[in-house]
Amino acid sequence: AISVRQGNTPTPDGTWTVFSAPLAGSGASIGGSARYLQYQVQLTANTPGLTQTPTLQDLTMTYSPAGS
């Protein structure tokens, strides 16, 4: 599950948004307008007895400049 938060300061502070609910899926729109974006990923293994740790191999974010 991938969640994001946004803000306009380089270091997250009280002006940043809270982390969103997990994104709906690939290509989901984040919305909002901020200079910085931070994401968090929650990895879980749903297979009983799985001995390997899930990993994130790729993540791509795209943006549209203001006024586009």
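Me: Is Ser-33 buried or exposed?
Reply: Ser-33 is exposed, with a relative accessible area of 70%. The term exposed stands for over 50% relative accessible area, buried for under 20%, and partly exposed for values in between, with a 1.4 Å probe and protein chains only. This is a predicted model, in which local features need pLDDT of at least 70 and side-chain atom pairs count only at pLDDT 80 or more, while totals for chains, interfaces and linings use all residues. Residues are numbered from 1 along each chain as its sequence is written, and side-chain values use heavy atoms, with hydrogens and water left out.

Me: Where is Ser-33 found?
Reply: Ser-33 belongs to the loop between β1 and β2. Strands (E, at least two residues) and helices (H or I, at least four) are DSSP runs, numbered from the N terminus.

Me: How far apart are Ser-33 and Pro-65 in space?
Reply: Their C-alpha atoms are 9.5 Å apart, although Ser-33 and Pro-65 are 32 residues apart in sequence.

Me: And Ser-64, buried or exposed?
Reply: Ser-64 is exposed, at a relative accessible area of 62%, and its place is in the segment after β2. From Ser-64 to Gly-14, 50 residues along the chain, the C-alpha separation is 25 Å.

Me: Turning to strand β1, why does Ser-3 count as buried?
Reply: Ser-3, which lies in strand β1, is buried because its relative accessible area is 7%. A polar atom of the Ser-3 side chain lies 3.1 Å from the backbone oxygen of Ser-20. Leaving aside neighbours within four places in sequence, Ser-3 is in contact (heavy atoms within 4.5 Å) with several residues, among them Phe-19, Pro-22 and Tyr-39.

Me: What does the side chain of Gln-6 reach?
Reply: The Gln-6 side chain reaches the backbone oxygen of Gly-31 at 2.9 Å. Gln-6 is also found in strand β1 and counts as buried, at 14% relative accessibility. Not counting residues up to four places away in sequence, Gln-6 touches residues including Trp-16, Ile-30, Ser-33 and Leu-37.

Me: New topic: which residues lie nearest the centre of the largest pocket?
Reply: They are Ile-30, Leu-37, Met-61, Thr-62 and Tyr-63, from a lining of 24 residues. A pocket is an open set of points on a 1 Å grid over the protein atoms alone, where a 1.4 Å probe fits, with protein on both sides within 12 Å along at least five of seven lines; lining residues have an atom within 4 Å of a point.

Me: Which strands supply the lining?
Reply: β1 (2–7) and β2 (36–41) each supply at least two residues of the lining of the largest pocket.

Me: How many helices are there in the chain?
Reply: The protein chain has 0 helices and 2 strands. Its radius of gyration, taken over C-alpha atoms, is 15 Å, well over the 11 Å from the globule rule for 68 residues, so the chain is more spread out than a compact globule. That rule is 2.2 Å times the number of residues to the power 0.38.

Me: What does the C-alpha trace span along its principal axes?
Reply: The trace spans about 50 × 30 × 20 Å. Of the 68 residues, 7% count as buried.

Methods
Polar contact = N/O pair within 3.5 Å; in protein donor to acceptor, adjacent residues only side chain to side chain.
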